[in-house]
Amino acid sequence: MCACLKKGRPHLSRRRIPTMDIRPNHTIYINNINDKVRKEELKRSLYALLSQFGQIVEIVAMKTMKMRGQAFVVFKELAAATNALRQLQGFPFYNKPMRIQYAKTDSEVITKVKGAHGDRDKKKDKKKKPQEAAALAKKAATVPSIPAHIPAAQVPDNPPNYILFLSNLPEETNEMMLSMLFNQFPGFKEVRLVPGKHDIAFVEFEGEMQAGVAKDALQGFRITATCAMKITFAKK
């Protein structure tokens, strides 16, 4: 090889991009969101998608120039935030892959809750007297125990098949919300809304076993706080 070429060859070194280690916390930060989606619809869709991982305390999404295409979601439990981050990294949300990381600081809501519980516990410790504790224990002994889990009322069903019938859906339900919910299950094909009837829909799967798995997993799922979704096999 020509000596001039040897001399002129640049030395290539791979630069390492510094990464910031963010401590896991209850709040996840999502960006690369389609900024054409209206704020209220975005918040409802995020709730529908993320509430499968655990109780959501707050969703913050703003349409200012600085905050467009971004959102913060606050979970009650740290484990829920961690699972959501791992399971939905790169999930196609309104045709764009979600980018998710922990927020740099814990949510103000969670901080306040932690602080309030701490203050309350301190006040209780100071005020509580031995005789009051004994009286409370005696009273507690007379209260009948409540079962930890009350099974949901069974929904009358049809013979198993590959199409599910959804009812008791809230007015704001749309095809995107339901697709995001059911898309996580193998064999999902499509969602069909019924024109003029906002509270019902059909979801089709490749087979009846796959439909049955989704039905059992999402029975009673709340798209909003007041509407528990009812799922049955569709009538043939």
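Start by selecting E204: at 12% relative accessibility, E204 is buried (under 20% relative accessible area counts as buried, over 50% as exposed and in between as partly exposed, with a 1.4 Å probe and protein chains only). You're looking at a predicted model, where local features need pLDDT of at least 70, side-chain atom pairs count only at pLDDT 80 or more, and totals for chains, interfaces and linings use all residues. Residues are numbered from 1 along each chain as its sequence is written, and side-chain values use heavy atoms, with hydrogens and water left out.

Colour by secondary structure and you'll find E204 in strand β9, residues 197–205 (helices, H or I of at least four residues, and strands, E of at least two, are DSSP runs numbered from the N terminus).

Leaving out residues up to four places away in sequence, E204 touches Y162, I163, G187, F188, K189, E190 and R192 (heavy atoms within 4.5 Å).

Next, jump to N32, in the loop between β1 (27–31) and α2 (39–50). Phi of N32 is near 65°, positive in a residue other than glycine. Most residues other than glycine have a negative phi. N32 is buried, with a relative accessible area of 18%.

Last stop: N168, in the loop between β7 (163–167) and α6 (175–182). Here phi is near 60°, again a positive value in a non-glycine residue, and N168 is partly exposed at 32% relative accessible area.
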